[in-house]
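Subject: Structure handover

Hello,

Please find the structure below, for you to open alongside this note. My notes on what turned up in it follow.

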Amino acid sequence: MTTVVAVEKKKLAQPPLNIHYLGDRVLRQPAKRIAKVDDQLRQTIAQMLQTMYSADGIGLAAPQVGIHKQLIVIDLALDQPDKPPLVLINPKIVKSSNDLCNSEEGCLSIPGVYLEVTRPETIEVSYKNELGKPCKLKANGLLSRAIQHEMDHLNGVMFVDRVENNLALNEELNKRGFAVSAVKPIKK
Ligand code: CO
């Protein structure tokens, strides 16, 4: 399988885009639907991938680099240079399991903070790929979690908003120098 967005999986000394951090308002703005998948968008996708690889991340959502578009890149095979990354444009969760699971998450916008989050175990997502082709994907495990985490970013939601253990949350954020007031807990 090949991809039209060919980016080498390596770290750049000067990544093309800047990642915004928790506390930055940019991260809280909702992303807009993408009307056209063209070369300009593919250029943005390539830059997002380069930025993600440079930061050693497995996922990046456009709002994290200040682009308010419904666009996500994910790569769970950083050690496999020929395996193309996953690009999701205008993703929509069409089904999610009642079964929940708990797992530790981190985020390039909150470096050093890792905390447990509960999410549906399995999801089905529809989206367009980097060629504009409509696709559907059923995911579980890490991929399911990565997609849900990145899709939250498109709605201005950060994973720390979903953390239920307040004690651990405050402790971790303090340790890494993030303001607890930057968290916007999800009302259940
Ligand atoms: Co994130």
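Helices (H or I, at least four residues) and strands (E, at least two) are DSSP runs, numbered from the N terminus.

Before the rest, a word on the source. This is a predicted model, in which local features need pLDDT of at least 70 and side-chain atom pairs count only at pLDDT 80 or more, while totals for chains, interfaces and linings use all residues. Residues are numbered from 1 along each chain as its sequence is written, and side-chain values use heavy atoms, with hydrogens and water left out.

Back to α2: 11 of its 14 residues are buried, so the helix is largely enclosed by the rest of the structure. Buried means under 20% relative accessible area, exposed means over 50%, and partly exposed is in between (1.4 Å probe, protein chains only). The buried residues of α2 include S144, A146, I147, Q148 and L154. After the helix comes G156, with a positive phi near 75°.

The metal site

A cobalt ion is coordinated by C107 through SG and by H149 and H153 through NE2, at 2.0 to 2.2 Å. Donors are N, O and S atoms within 2.8 Å of the metal (3.2 Å for Na, K and Ca); water is not among the atoms, so sites may look incomplete. The spacing of the donor residues in sequence is C-x41-H-x3-H. Both histidines, H149 and H153, belong to α2 (residues 141-154) and sit four residues apart, about one turn of the helix. An α-helix has 3.6 residues a turn, so residues three or four places apart point the same way. H149 counts as buried at 6% relative accessibility, and H153 does too, at 1%.

Salt bridges

The structure holds 11 salt bridges, each being a side-chain nitrogen of Lys or Arg within 4 Å of a carboxyl oxygen of Asp or Glu. One of them joins E105 and R145, with the closest N and O atoms 2.6 Å apart. E105 is in strand β4 (residues 100-105) and R145 in helix α2, 40 residues apart; both are buried.

D152 pairs with R119, the closest N and O atoms being 3.0 Å apart. Since D152 lies in helix α2 and R119 in strand β5 (residues 115-120), this pair ties together parts that are 33 residues apart in sequence. D152 also meets R162 in a salt bridge, at 2.6 Å from N to O. R162 is in the loop between α2 and α3 (166-175), 10 residues from D152. D152 is buried, with a relative accessible area of 7%, whereas R162 counts as partly exposed at 27%. E105, R119, R145, D152 and R162 are linked in a network of salt bridges.

Nonpolar cores

A nonpolar core is a set of buried Ala, Val, Leu, Ile, Met, Phe, Trp, Tyr and Cys residues joined through side-chain atoms within 4.5 Å. The largest has 22 residues, of which I45, M48, L49, L71, V73 and I89 touch the most other members. Two or more residues each come from α1 (39-54), β2 (71-74) and β3 (86-96), and α1 gives the most, with seven. Apart from this core lies another, of 16 residues, among them L27, V113, L169 and F178.

Regards
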